[in-house]
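This briefing goes with the sequence and structure shown here.

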Amino acid sequence: MEKKIINPQKDILVLDKVSKQFGGIQAVEDFSMTMKEGELRCLIGPNGAGKTTVFKMVMGVYMASSGRILFKGEDITSLKASKRARKGMSIKMQVPGVYEEMTLRENIRIAAENYVPKKDLETEIDRLIELVHIKDLGNPLVKNMSHGQQQWLEIAMALASNPDLLLLDEPAAGLGPEETDFTAELVTELNNQGLSILFIEHDMNFVKKIANDVTVMYYGKKFVEGPIDEVVNNPEVIRIYLGNS
Amino acid sequence: MFAYFYQFIDSVSFLVLAALGMAIIYGMMGITNMAQGELIMIGAYVTDLTVNLLGLPLGIAIACGALFSGVVGLILDRLVVRHLYDRPLDSIVVTWGLSIAISQLTFIIFGSSMKGIAIPFGSFTVAGKSYSYYKLMLIAIALVLIIATFVVFKFTRFGLHSRATMQNREIANSLGVNADRMNAGTFMLGAALAGLCGGLYLPAMALTPNYGDSFLVQSFVTVLVGGADPLIGTVFAGGGLGFVEGILDMRLNTFYGKIGILLIAILFIRILPKGFSGLYNSVQMDIKTRRNKRGGALA
Amino acid sequence: MKKIRELCTENLVAIAMLLFTVLFPVFNSAYKVDQFTGFYITCFLSFSIVLIWGYTGIFSFGQAAFYGIGAYTYAIVSLCSDKNLTIVAALAGTLIAGLAATLLGYFIFYGGVDEIFTGIITLCVSIILETFIVQTSGPEYKILGVWIGGYNGLNSIPKLRIGNFTLTNVALYFFVAAVVFAIYFAFRYMTHSNIGYALFGIRESKTRSELFGFKTAKLQTLTFGVSGAIAGLGGVLFSAWSGYVVPSTLSVGNSTIAVVMVALAGRKNITGALVMTVIYSFITQKLAASGNVFSDVILGIGLVLIVMFMPDGLLEELFKRVDFFFKKRVAKA
């Protein structure tokens, strides 16, 4: 992967007082957050805090009920998901969003074909498969792959568009210790190459291992934000975690 | 003027009665039952046979028809539809196959037409035109059914679970609502309502194996415009489409009534893909947000 | 999805089918050839269903409606003047059917209505269209001066003419077969192209595909339009071949038969659909002669059983099994 040239002063993602309601339920309320280029940030919070809803609003799966979303300085609040994807953001969803009835290579091919010229597709597929270490599998049907392998495949698919911002919803969920380590390594490596990454994770060891900055959500709102060491030792944060999970 | 009013309530009761069963099945199970017309037809056949062979009164016969359709629905669900809960696209094809087989079997057993039943209760005259009391009773029954649905959904455990299911099917499943039993009950209820509709309209229509087809377009369009909430959807879609259909029926003929509501439905879903149910949800949400904001300012 | 150059059962069957099609007129009477022309015309309907249902995951009851629109358009345009307008009529039929499907698709897909409603909407449109044409028996129903004829439909529709050459019998047979195989190969090529994979992605998960940057509504609408045009071309050839068109040409029943054939063959398998359509049409023609009241019951229950227990279809399953059997043999040797 080519190293991206980044400007750490520049905002890549700005959420400005974003809210979302479902029926009568306020899932996210006036949530604001700013991410700089090249940042590796984790969004944490107890279950039901609205983290996944924030992700889906950033990606355009849900439209924000109010507030603004800026990506690379451009207002994308009302753009459709496909347009946002083409502007350079990708997501790995919580439940693996892979095409189960198709093969591994077909999956990556579909993810890549909007971004890679047809003659380079096969090489690109090879590169991505190698990057996430699932080369030895051959080309199985995706539904026959293990949970961890599907997670990595989805990361590979998210990378196929060569995005500037990568959203990872629980990249380590359901993985064994070795698998988790590999995922941590992979995420760090991608970040070192200039990719801005925002991720949601419950496994605090995983978070401590890789994240620099953390934003904590609680009941749909931002609770605190700051460097990881500060936040995990914040007594309020400890209280909400212990009190709820 | 009364002629228009009469036509309007006639259209509305037809749409509501034809669509309610199907709307409940779609709203709660996410399945479109293409065999709904055949369940309507079965209700009508049982009603016809109970009156003409057993000599029982019409009211009891209609109840028998509804019950029998409900049982047929339950059997279809257990034998077939159950296997397709997570394959909604395939369930369309399969229930379509069922509908073809059922109507042809009915033809083989009972031939091309049945005796039918005369319209009871007589008629009355307004401004020189005659109208039937029976049709007025149908709108009353439609209203009673809507109120009953409301009560069931609002005040019973079944209703609570089904509303949870409608809001979010996945979450409801993960909360341990006994989805299988809920679905069987829902399908049976939907089928029984279809049978009821079939029996109720028997005095007004000729009974053939294709009897259910007369309800098909109207019930589908009502569900389409109504959306996932069987109560809100059916009431608003039935009312709105009934208005349009009533006028077109009076001005032109019933065929243009059908065309009219179909065209409106197609335009409607372009703007409001979730139908009246979706519109209702977002309006309700708006009101709540505003109320919350105002409350916040005061506090 | 098998590559077209691969050695596998599907491709061998395709070659056999091609040979059969080419050699058929050599060994059979003109009457038989004419009959088989009709079977190949039905393939257009099957192909359009493979494209929309099998590849894109949208279920439509409206394909016979587009077929009928093509048939009626050809009939009306070719009957409206004595000049040699049959080519124009054929193009018009295909195009209008395609546009009708695109327009309907626009309303369905751009709004984002629950996909399972596509079945309902197309069914309603088909029923209404058929009812409309049935009641056009009055003299006021004329298009381009041609009386639509209500229940009786249109008769004495001119044969297709290219220049001064009229396509009849064997010539028409080869013309139809050539177009069928052209579409067949286009489909086979498409399943390995970007557009093919884009459609499969949408079939498996529309939301996911949107997140990979696909304009799903646009793709679905265009595919629906193309499938309508293919069905429409079938209708054009039908009325040019049979010389008549009646309201039941565009009935839901006609769609159902095509759906059954495709389900039986394997909705994702175009080779299966081709072979099955010809075989099925042949068999039902034989059976219809004896006039069986149970045929609809069998059709309905058959559809239920296939979709429930063999969603990939009979022929697709057969291709797989045979491939597997030979692979094992080869591995042993």
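Chain A has nine helices and 10 strands, where helices (H or I, at least four residues) and strands (E, at least two) are DSSP runs numbered from the N terminus. This is a predicted model, in which local features need pLDDT of at least 70 and side-chain atom pairs pLDDT 80 or more, while totals for chains, interfaces and linings use all residues. Residues are numbered from 1 along each chain as its sequence is written, and chains are lettered from A and ligands numbered from 1 in the order written.

**Chain A overall**
- The radius of gyration of chain A is 18 Å, which agrees with the value near 18 Å for a compact globule of 245 residues; it is taken over C-alpha atoms, and the rule is 2.2 Å times the number of residues to the power 0.38.
- The C-alpha atoms of chain A fill a box of roughly 50 × 40 × 40 Å along the principal axes.

**Helix pair in chain C**
- Helices α2 (residues 30-55) and α9 (residues 216-242) of chain C pack at about 170°, with axes 8 Å apart; the axes are lines fitted to C-alpha atoms over the stretch in contact, and angles run from 0 to 180 degrees between N-to-C directions.
- α2(C) and α9(C) are therefore roughly antiparallel, a term for angles over 145 degrees.

**Helix α4 in chain B**
- Helix α4 (residues 88-110) of chain B has 23 residues and spans 32 Å between its first and last C-alpha, close to the 33 Å expected at 1.5 Å a residue; the expected span is 1.5 Å times one less than the number of residues.
- Gly111(B) follows α4(B) and has a positive phi, near 80°.

How values were computed
Parallel < 35°, antiparallel > 145°, perpendicular 65-115°, else oblique.
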